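Thanks for coming, everyone. Let me put the structure up, and then I'll walk you through a few places in it.

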Amino acid sequence: MEIEDKKSLRHRLLMEQIVAQRYISLDEVSRRFSVTTQTARRDIMELEKQGKLRRLHGGAMIANSIEPGELRSRRIRNAQAKERIGVCVAGLIDDGASVFLDTGSTCEAIARALVCRKNLRVVSYSLRIAAYLSEVTDFIIAVPGGFVRHVDGGVFQEKTPSFISGFKFDTAIVSVSGVDDEGDLCDDDQGEVEAVRSAMGQAQKVLLAVDSSKFGHRGHVRLGSLGEVDLLVSEAAPPEPIAAAARLGGVSFHRA
């Protein structure tokens, strides 16, 4: 009984940790809880069977950082604004450009608009975006290998950020869950943040595409600040605190 109690406690603490940081490696589980790698692997396998997390090579990630109902809501919410943003963004991308395209409903709208461009080279960790563009264009498209997050088609594994960092981009097109009044960019998933930061570090220009509902909203994980962005595209001007942060960072605003 004592062994079961210790294991239950370890599982609870492990889930608290993975909820906080979205991903944990086997080595970190072993080190943090003073257990062997084999025990860490068994813990992860048991928690996966319970539907609480998803195993990856060398670790695990939270099963669904975004609830399916929330993602469906996001696709419907401000759909017209997102389509306008997509058209505006497509107008800022040159034919033949190398582009990183983030995941999410806004970036899916951008993908639909990018079909007007020619000879793009696109890297994305969204299977939805890659599948769509591969069907309707002759773009060169690269996606990382890994596990597919069913809720939105995102592809993740431990090496996703390093895969993305192997490319150079003319423009990294990113979207976030929120831009707070301090000008911080926030998202809901640590894995996404790491992937996007890799792309931002390899891009000549960073384009942030968000609808106005994201202004003043704060997500769970900090991605960066507006000062790291070159272009901001939205269907409405941001409120003054965010506009001031954008001006301070030298961000060019484009109204869709």
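Here is my opening question: among contacts in the protein between residues at least 6 apart in sequence, what percentage join residues at least 24 apart? The figure is 61%. Keep in mind that this is a predicted model.

Now the overall numbers. The protein has 256 residues, and 52% of them count as buried. It has 10 helices and 15 strands. Its accessible surface comes to about 12,000 Å². Carbon and sulfur atoms account for 50% of that surface.

Let's turn to helix packing. Two packed helices are described by the angle between their axes and the distance between the axes. I have two pairs to show you.

The H2 and H3 pair comes up here. Their axes are 9 Å apart, and the packing angle is about 110°. Angles of 65 to 115 degrees count as roughly perpendicular, so H2 is roughly perpendicular to H3. Who makes the contact? From H2, the residues are Leu26, Val29 and Ser30. From H3, they are Thr37, Ala40, Arg41 and Ile44. By type, that contact divides into four nonpolar, two polar and one charged.

Look at the link between these two helices. Ser34 sits in the loop between H2, residues 26-33, and H3, residues 37-49. Ser34 has a positive phi of about 55°, although it is not a glycine. Is Ser34 buried or exposed? It is exposed, because its relative accessible area is 67% and the cut-off for exposed is over 50%.

Next pair: H6, residues 105-113, and H7, residues 127-136. Their axes come within 10 Å and cross at roughly 10°. Angles under 35 degrees count as roughly parallel, so H6 is roughly parallel to H7. H6 brings Cys107, Glu108, Ala111 and Arg112 to the contact. H7 brings Arg128, Ile129, Tyr132 and Leu133. This contact divides into five nonpolar, no polar and three charged residues.

Move on past H6. Asn119 lies in the loop between H6 and strand E5, residues 121-123. Asn119 also is not a glycine, and its phi is positive, about 60°. Asn119 is exposed, with a relative accessible area of 53%.

Now helix H5, residues 79-91.

Which residues of H5 are buried? They are Ala81, Lys82, Ile85, Gly86, Cys88, Val89 and Ala90. On helices in general, an α-helix has 3.6 residues a turn, so residues three or four places apart point the same way.

Take Ala90, in H5. Ala90 is buried, with a relative accessible area of 2%. What does Ala90 touch, leaving aside its neighbours within four places in sequence? Its contacts are Ala113, Leu114, Cys116 and Arg117. Arg117 is 27 residues from Ala90 in sequence, yet their C-alpha atoms are 7.3 Å apart.

Last stop, Glu194. It is found in helix H9, residues 190-201. Glu194 counts as partly exposed, because its relative accessibility is 36%.

Terms used
Residues numbered from 1 in each chain as written. Predicted model: local features only at pLDDT ≥ 70, side-chain atom pairs only at ≥ 80, totals over all residues. Heavy atoms only, no water. Axes fitted to C-alpha atoms, helices over the stretch in contact; angles between N-to-C directions. Helix = DSSP H or I, 4+ residues; strand = E, 2+ residues; numbered from the N terminus. Parallel < 35°, antiparallel > 145°, perpendicular 65-115°, else oblique. Contact = heavy atoms within 4.5 Å. Nonpolar A, V, L, I, M, F, W, Y, C, P; charged D, E, K, R; others polar. Buried < 20%, exposed > 50% of the residue type's maximum accessible area, 1.4 Å probe, protein only. Areas by Shrake-Rupley, 256 points an atom, 1.4 Å probe, with all protein chains shown as cover. Expected span 1.5 Å × (residues − 1).
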